[in-house]
Each structure stands twice: as structure tokens, then as C-alpha cells.
Amino acid sequence: MLQCLSMRSDIKYIGIGLLIGGVTAVIINMGAFLAGILPLAPTPQAVTQPSRAPFTLTPAFTPTSDPAPYLDLSVSPTPDLEILLADQIIQTLPDYGGDWNILIREDGNKVLFSLNAEQKIHVASIIKVPIAMLFFKSVEEKGIPPSTYAEYLSTRGIGRTYQQLLKAMLVDSEEDATRTLRDIIRESQIDVDAALQAWGAFDTDISSRYSTPQDVAALFESLYFGTAITPEGRQIILDLLSTYTPNDDTRLGVLRASLPAGSKFYNKRGTVTEGRLIVGDAALMAWDEGGREKVHVIVALSYVGELPTTDVKLVKGIESIARLFWNFAAPPSP
């Protein structure tokens, strides 16, 4: 405190001294002018003052080259590219109308894009994937050795063999087969909720067909990474999900032709057109990138909303999302 008071006193006396000195200089100069010692001041000329530019922060690094060229989105993704992907998806959705629930996830843990992904919604026939998984869980509970699954599925069943029922449900999306397999699960008395939660699906109801994009992604990932059911049951479901049908070239299936050689693509579409409009698709795709497997899951579900739409427009919307994703995630050309 004393040091602060002393500093203020010094400043005070310095200020008084400067004031006295300035007044004295003015008196001396005036006297010199009256005595003819100093010449008359020249006529003042207009002086151009520099314009005051708005205050801006100068970046620490000033580019010395031309602006960066177009950025190829096939390079390794960065946070900036993820923002660009999100902006592009958000900007394109109004072109197709409807309401959307979307999740794009990488390697089972990194979210690349999310829109209403935690909202519990009707997922239509996509629910048939967890039904197939629960069926194999019931087979496990019966104590059927996994090594005998092929023989068991092809010789046992209800009305049809289990193998035929699974194919009808997952490949042909048949509702009769779905009801039969759901009845088998219920009669087995396995703890359905506990199994779903163990697979990361906390908001999934196979009876009402309600789930979330987040749950659907978790189910595809737990199936693919082998944490849900036996390896034998896992492979049977994956083989059925990868079985090609003509409609597989639409929706997320537009990516099939672009995937690198040796890639894997598993998907299940969902559609409701009677009573309400639902158009969706869920897919897991994997490919080798620099000696490391890259795995992506896309879940895209669309519904009637405030913006007018049709089933055709919603299908095109899913295909647009797929292409924007591929621009972002495509591996570099060899």
C-alpha cells in the first residue's frame, strides 16, 4: 500500500512539472515571435490522416501461398471433415421432406453423425435382425451344440425348417416367418430384455418394433464383432444379411458398387406404406484400409413430417446420405 501511494505521489509531481514546463515554453516562443526571432508559421496544408480500419486479430500465421485447393474427402477423416459431413447431410434432408433419425458410427465407438439417434421410433423390418439373434440365443439355451447348428436348422422347425424360416424373415422379409420365430422365442422363456441390454439395445421392443438408431447400431456391431451369440449363429445371420436381392442396389445398397474388393456389406431394410409411411435401412460395412479393418454402421430412418414427402423421395434421401458418407469415408485409391 505504501509503495502504491508513493508511486501515485511521484506521478502527481511529474505531471505538475510537465505542465509548468509547457507553459514556460509557450511564453518563450511567443516572446521570440514578437521579437522577430521566429518566422511566421507556413499556411497549414491539408493532411491526409490514415483511415481507421476496424480492429481485427492478426493470425499468428499468415499464408504466403494461394488458397488451399479442393480437399479430397477420401483422405483420413478429421474433425473438420466430420463437421462438413454433418453440414452436408443437414442441408440435403429438406430436399426429400419428412422427419429423420440417423446414426453413422465408425469402429463401434466413434460417432460421425447423429440426428435424433436416441429417439425411440418404429424401425419396421429392421427389428428382424434382433429377432434372429434372439432365436439363436434360445437355441443356445436349449443346449444345442454349435457344431451341429447346420444339421439342426435344416432338419428341425415349425411348418418349415428353421433355416427356411430364417431365410424367409431376413432375406424375403416375410411376416409369417417372423411371427413364427417370435413365437419360438417367447415359448423358450429366455430373458429377452436382459439379452437385448447385454447387446447394448436398452430401448428395443421386438413386439412393438420400436427401437432407436443407437440400439440398432449396437445390435449390428455386437453381432459383427462376435460378442452377442456363438460364432456359428453369427455367421449364419451375416450370410443371410449379405444375400443379394434386386432391391439391394437401392437405399444404402447404392454403396455396394463403390466398396473396395473384398469388402463386406450387411443390411436390413424396413418399409411401411399402409396406415403410416416409414422408409429405413440399416447397414454394416467393413473393408481393409492400410492393413486395418474399418467398420462403419449407418442407420437411416425417415417418416412423414412437416415437410411433404413420398416413399420414393425418402428412398432417394437415404441414397443421398449414403453417397455423402462415401465421399467422407472412402479409402484412398491404391
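Modeller: This is a predicted model. Of the contacts in the protein chain with a separation of 6 or more, 66% are between residues 24 or more positions apart. The protein chain holds 10 helices and nine strands, and buried residues make up 43% of its 334 residues.

Five of the strands form the open sheet, with antiparallel pairing and the order β2-β1-β9-β8-β7. Its edges are β2 (110–115) and β7 (264–272); each has a single partner strand, so one side of each is left without a neighbour in the sheet. On average, and with direction ignored, neighbouring strands here are turned by 5° against each other.

Within the sheet, β8 (residues 278–289) and β9 (residues 292–303) run antiparallel and are joined by 12 bridges. One of the facing pairs sets Ile278 opposite Tyr303 in β9.

A helix covers part of this arrangement: α10 (residues 311–329) lies across β1 (99–106), β2, β8 and β9. Relative to β8, α10 runs at about 20°.

Elsewhere in the chain, helix α8 (residues 213–224) is mostly covered, with 11 of its 12 residues buried. Among them are Val216, Leu219, Phe220 and Leu223, and also Asp215 and Glu221. From first C-alpha to last, α8 reaches 16 Å, close to the 16 Å expected at 1.5 Å a residue. Just after α8, Gly226 takes a positive phi of about 80°.

Key:
Residues are numbered from 1 along each chain as its sequence is written. This is a predicted model: local features need pLDDT of at least 70, side-chain atom pairs count only at pLDDT 80 or more; totals for chains, interfaces and linings use all residues. Side-chain values use heavy atoms; hydrogens and water are left out. Helices (H or I, at least four residues) and strands (E, at least two) are DSSP runs, numbered from the N terminus. Buried means under 20% relative accessible area, exposed over 50%, partly exposed in between (1.4 Å probe, protein chains only). Contact means heavy atoms within 4.5 Å. The expected span of a helix is 1.5 Å times one less than its number of residues. Two strands pair if DSSP finds at least two bridges between them. Axes are lines fitted to C-alpha atoms, for helices over the stretch in contact, and angles run from 0 to 180 degrees between N-to-C directions.
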